[in-house]
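Subject: Model handover

Hello,

Please find the structure below. My notes on confidence, sheets, cores and salt bridges follow.

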Amino acid sequence: MRNFIFVLSSLLIVCSAGAQMPQGNGNRGGQGRSQLTGSFYGKLIEAKSSKPIEYASVQLLQNRFDSVSKKRKEVVIAGMLSDNHGDFRLENIPAFGQFKLQVTIVGFKPYEQSISFNLKPGGNNGDMGSMMAALDKDLGNIKINVEEKLLDNVTVVSSNPGLRLGIDRKVFNVDKNLVSAGGTAVDVMRNVPSISVDIDGNVTMRNNTPQLFVDGRPTNLSLDQIPADAIESVEIITNPSAKFDASGGTSGILNVVLKKNKRVGYSGSLRSNIDSRGRLGLGGDINIRKEKVNFFLNANLNQRKSISTGTTDRSTLIGTPNTFMHQEDESISKGNFLFFRTGFDFFLDNRNTLSVAGNLGQGRFKPGSVSDIMIDSLYNPVTSSFNQRFSNSNSKFNHNGALLSFKHLFPKQGEEWTADVNFNRSKNTNINQVLTDYYKMPGNSYQSSYNQQQNGSGTNQNIVLQTDYTKPLTEKSKLEMGLRAQFRKVDNKNDFYVLGPGGSLNYNPDLSVNYNSLDHIFAAYTTYSNQVKNFGYQLGLRLESSDYEGNLPDKDQAFHIRFPVSLFPSIFLSQKLKKEQDLQLNYSRKINRPNFFQLYPFTDYSDSLNISRGNPDLRPEFTHSLELSYQKTFKNKDNFIASVYYKNTTDLITRYQDRETNSATGKDMLINTYINASSSYVTGFELVSKNKMAKYWDMTSNLNLFTSKINLDDPSQPEQDPFASWFFKLNNTFKLPKNFILQLSGEYQSKTILPPGGSGGGGRGGWGGMFGQSSASQGYVKANYYVDAGLRYEFMKNKQASISLNVNDIFRTRRQNIYSQSAYFTQELFRRRDPQIFRLNFSWRFGKFDPNLFKRRNNRNQGDGTEGMNMGQ
């Protein structure tokens, strides 16, 4: 009898849903675009005993227009039986609209409840995370009353927009960005509002380097190691609350969200590309959701060839005589990199999810450069010399990471607990040979050669333990709290050799170094948020402490730095105004601790023109950030945001050049290093607007006007007067006839003060960002602009295939032109890298979202596997 009732109930639900659901392809009339969907889930329990109710009929109804009767009627759009734990889940439910939940089972009173996702168009402040959470709605424990009069006679049997704007963050949809297809995350960032990227891929946000996250967590990956085709979206958080890491200093957070789908069914894509330099790229991804398991995999392999040219003019005002140098450089780098990511989510039940993910990155690059260097004395009689330097390197990097995460949802809507362990490890090796030929002028007669080799290797290991808990107190207030511990270990080794006759290597112990470090960060936070009518507020406090230990085993040197417990408050105030307007004021306190390369006490003599050294005596910098924002959403869904921001930093970590005497030669030399400036400030005004100019034309524009000043407190370094800088970024998308889409994007950056070099020293590690530059208190970047373009054609059924062509720097105007000076030298640097690169891309998408897909045994009538999938863009 128990099995009979179970089978009969199942047949009734399937027949009822099949008879009343709309027939045909759900994409008709939508040009291949499926609507946004979500899930309802919950647990059925007896009202008195709280025991789970199994095999109950759970149906979801919606009032729809019937084309036959010309009247509105309730239609079953989803249904199932609760399992033996009383759990149920209804998938692929339209995101918008009102629904009725019906629960029926023999021996219990019928149960009905009106439900919805409570989504508002343009809501969620553009926060993709909160929006997706709202689309996976927990209905809690549903109590069903027993039908008393029958008790004795019954046995109970067992498509996203390109940019979503919010006041606290901006979310950029990468899939809509044609000009970055086939590239890396660096190409993506060139089109993201509030972000500026130089020709080497160094990223700044409001003239400071942001902290890089991947899927909401810190990472060892750099942006040029992440393929653009693996990215779902990019979140820009300009002033993070106390819930986020206090690290980051004067900047915000740049969160790269990788592709992953949780809809029932399967989906994926295959991609390939080739650029105008003959470099190939291949990639693919697949996502499968079957019952309680969601599996995903993404792989990309890309070849690269980069060509850069440049000149450097420098007058050196130390030593006798003073000199003028003119240097011409040409560099070619060839290589390839692989990115692989896989994992799964295991839904233990409706309220418990275990997730495991892993990623692997590898790269092999062979850069080579030729430099012609002419040096003239500045006094009579003028003496001249000519050097030609050849540099050839062989570099490798390997990265692997793993994530173990657990999430528990409580019956009360919005209450949840998460815990995760995040592991990242990167390793790199580099062999660099530098041959310098010396010539005497005039006559260009050969004098001598000097050949040296540097063998470098390093590992960076990072483990993060984190747990978070969210507790709704009332319908409009909640409490959040969490703990976090981070353990980082860095090992770095550089061996220097002078090449002798026959290629023999003569080890130089004075220049070689073996360096390792350990640092730990411990943190706890709590935030309280509440909504009183149209006024909302969030109060937060974070506690962090850390320590740093560095060792030079070969030189018997060590140092240990303890950073005491510090408090980092945050305050967010918001006010909803009339006519879809919002106002927000926020404040936060942040810290930027000196990183490995800034503390590195080793003097690097590998480039005689750019001698560099870290400073183990650096102190952390503290930043107070204040931001006022206004947002307006128009009836046609256009958005406008205006922000005023101010950041004040004490003990700013900044680049600096000092004069020393070389003990070996007795000559004066310049050392590039870091120091703590007394203070600095950055203030500015930013506008971001997303407009639908016509049915076929969408435009996103971004204007940032700012100024900054560094107070160095060094009499030998004259202070630089602050000046106003600005950049303007424009992105246009045109929907053309015959399934063509055209994108034009460009940026203009005015004369800008040099970034201070804190928050990670440019975001790429190493010394590449500071060669030849003085302290940021003296110097500026000259004006620069560029235009990129992309054209895509979509074809096949549901537009599941596409071919696109993109080109960067159409007018060869993207360049780096830096002027810097100090009491010891003046310098002007000009570089250009990879202009006018064309890339041809092909993409094919496949998939089917169907909760019953893996339950069918007869697949003869499954179609071509593209029904119900959003193939259009």
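Two strands count as paired if DSSP finds at least two bridges between them. The strands themselves, like the helices, are DSSP runs (E, at least two residues, for strands; H or I, at least four residues, for helices), numbered from the N terminus. With that in place, Gln 102 has Glu 112 in strand 6 as its bridge partner.

This is a predicted model, in which local features need pLDDT of at least 70 and side-chain atom pairs count only at pLDDT 80 or more, while totals for chains, interfaces and linings use all residues. Residues are numbered from 1 along each chain as its sequence is written, and side-chain values use heavy atoms, with hydrogens and water left out.

Confidence

The pLDDT (the predictor's confidence in each residue, from 0 to 100) averages 81 over the protein chain, and 84% of the residues score at least 70. Over residues 1–33 the pLDDT stays under 50. The model has 46 contacts (heavy atoms within 4.5 Å) for residues 1–33, beyond four places in sequence. Residues 851–873 also have a pLDDT below 50, with 66 contacts in the model beyond near neighbours in sequence. Where pLDDT is low, the predicted coordinates should not be read in detail.

Strand 2 (residues 57–66) pairs with strand 5 (residues 99–104) in the antiparallel sense, over five bridges. Within that pairing, Leu 61 stands opposite Lys 100 in strand 5, and the bridge partner of Ser 57 in strand 5 is Thr 104. Strand 5 is also joined to strand 6 by five bridges, again running antiparallel.

A further open sheet of four strands has the order 30-31-35-34 and mixed pairing. Strand 30 (603–604) and strand 34 (653–661) are the edges here, each pairing on one side only. Strand 30 runs antiparallel to strand 31 (residues 611–613), and two bridges join them. Asp 604 stands opposite Ser 612 in strand 31.

Cores

A nonpolar core is a set of buried Ala, Val, Leu, Ile, Met, Phe, Trp, Tyr and Cys residues joined through side-chain atoms within 4.5 Å. Buried means under 20% relative accessible area, exposed over 50%, and partly exposed in between (1.4 Å probe, protein chains only).

The largest nonpolar core has 25 residues, and those with the most contacts inside it are Met 189, Ile 195, Leu 223 and Ile 231. Several elements each supply at least two residues of this core, among them helix 3 (185–189), strand 10 (195–197) and strand 14 (231–237). Helix 3 gives the most, with four residues. Not counting residues up to four places away in sequence, Met 189 touches Ile 195, Val 197, Val 203, Leu 223, Val 234, Leu 254, Val 256 and Lys 729. A second, separate core has 24 residues, including Ile 53, Phe 88, Leu 119 and Leu 135.

Salt bridges

How many salt bridges are there? With a side-chain nitrogen of Lys or Arg required within 4 Å of a carboxyl oxygen of Asp or Glu, the count comes to 29.

Asp 245 forms one with Arg 542, the closest N and O atoms being 3.4 Å apart. Asp 245 lies in the loop between strand 14 and strand 15 and Arg 542 in strand 27 (residues 535–552), so the pair ties together parts that are 297 residues apart in sequence. Both Asp 245 and Arg 542 are buried.

Arg 277 and Asp 834 meet through their side chains in another salt bridge (2.6 Å, N to O). This pair links the loop between strand 16 (265–275) and strand 17 (280–290) with the loop between strand 45 (825–833) and strand 46 (838–848), 557 residues apart. Asp 834 counts as buried, because its relative accessibility is 16%.

Lys 692 and Asp 698 form a salt bridge at 3.3 Å, N to O. Lys 692, at 36% relative accessibility, counts as partly exposed, and so does Asp 698, at 29%. Salt bridges that share partners also join Asp 200, Arg 277, Arg 831, Arg 833 and Asp 834 into one network.

Regards
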